[in-house]
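Student: I would like a close look at a single part of this model, with its surroundings taken in turn. Could you walk me through it slowly?

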Amino acid sequence: MNLARPLHTTAVPALLTVTALVALTACGTSEADSAAGGSKATVTVRIPDPGNSGPLALGKKDGSLDKALSKAGAKVQWTGSAGPFAPAAQAMNADQLDIATGSITSGITSLAQRPGFKFFTAVDPDAAGEGILVRNGSDIGSVADLVGKKVAVNQGGTGEYLLLKALAKAGIPADKVTRVYLRPDQTAAVFNAGKVDAWAVWATYAVAEIGSGKAHFVADGAAIGSDNYSLNAVRTEFAEQHPKVVQALYQYLHEASAKEKQNPAAYLNVFTDVGPTAVTGKAEEVQTGFTAQGGTVDPIGPEDIARFEDVAEFYADQKVTKDRVDVAAHLLDVGKLT
């Protein structure tokens, strides 16, 4: 099995609908013998619907994901839709979801609760696609200019991390900048109306703003020194019961993310090139540029763990979490799953 370096897509995961949560069954949690012939039943893997872009979207459209998982006796059940990691973590804890994607930052705040999941892949931090966004023409020309300003962030997640990390690197006390806590999907209107001065954000939402020609990063992930990895999580019990399925999913994601990095445009607008989910015009150029510079889905290595622990310590120091979260206790070595 080829184990190389971590899904670089703009999708960040799993806000489940009430209907999906109610309708889900335990069919993905056992491999009981079927009534006829004694053969093992197909394992169902519950994954948030990937939307219109990325390796999972293409795998859904062309059937390649189910084909890859069938070799491990599994198939996908798409549930809900891609969204914030926090509700996805809750869904995994409640045995309503098996796989989700999120950042190490939102992962740490979810691990601070009562986690029923573990991380099994990592994608290197997005040096180009995340950062502190300001409107063109703004008087904010550097991180230092954020003093006395209002910055939109998602609480406990990537946005808050990026802002706090940028301020710390610049030697600016966090209380010199007003954090405005907003859901990412509600922030664009507030940002564009000038009700906040800046927005700490990642590619999922930054692409449209930069692509519109009306905004730019005053500091991107590289300038900030971000350790904000993207991770894939699996429900702990599912991983214990079906390690070969998790391994097969990793292998698919690793290979597909490498192909996406080489040909980003092939993984955009998978189902439609019109409407609100389509990425077109300048935004398409921005997105393909970010993806080409991004990472691939890889196993979690020692160097990654060290950086995860730095984020956990930073979050504790900044009082985002009450205590330092032990991230290492919630990681899987996908190469050792049997």
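**A helix and what lies around it**

Tutor: Directly after helix α2 comes G63, a residue whose phi is positive, near 80°; the model is a predicted one, and this value, like those that follow, is computed from it. Helix α2 itself spans residues 55-62, and its buried residues are P55, L56, A57 and G59. The cover over these buried residues of α2 includes β1 (43-48), α3 (64-70), β2 (74-79) and α11 (243-262).

For a contact between two helices, we can turn to α4 (residues 85-93) and α5 (residues 104-111), whose axes come within 9 Å and cross at roughly 45°. Because of that angle, α4 counts as oblique to α5, and the crossing in which α4 passes α5 is right-handed. On the α4 side the contact involves F85, A86 and A89, which meet S106, G107 and S110 of α5.

Strand β4 is joined by 6 bridges to strand β10 (residues 230-235), and the two run antiparallel. Within this pairing, K118 has V234 of β10 as its bridge partner.

Key:
Residues are numbered from 1 along each chain as its sequence is written. This is a predicted model: local features need pLDDT of at least 70, side-chain atom pairs count only at pLDDT 80 or more; totals for chains, interfaces and linings use all residues. Side-chain values use heavy atoms; hydrogens and water are left out. Axes are lines fitted to C-alpha atoms, for helices over the stretch in contact, and angles run from 0 to 180 degrees between N-to-C directions. Helices (H or I, at least four residues) and strands (E, at least two) are DSSP runs, numbered from the N terminus. Angles under 35 degrees count as roughly parallel, over 145 as roughly antiparallel, 65 to 115 as roughly perpendicular and the rest as oblique. A crossing is left-handed if the near helix is turned anticlockwise from the far one by less than a right angle, and right-handed if clockwise. Contact means heavy atoms within 4.5 Å. Two strands pair if DSSP finds at least two bridges between them. Buried means under 20% relative accessible area, exposed over 50%, partly exposed in between (1.4 Å probe, protein chains only).
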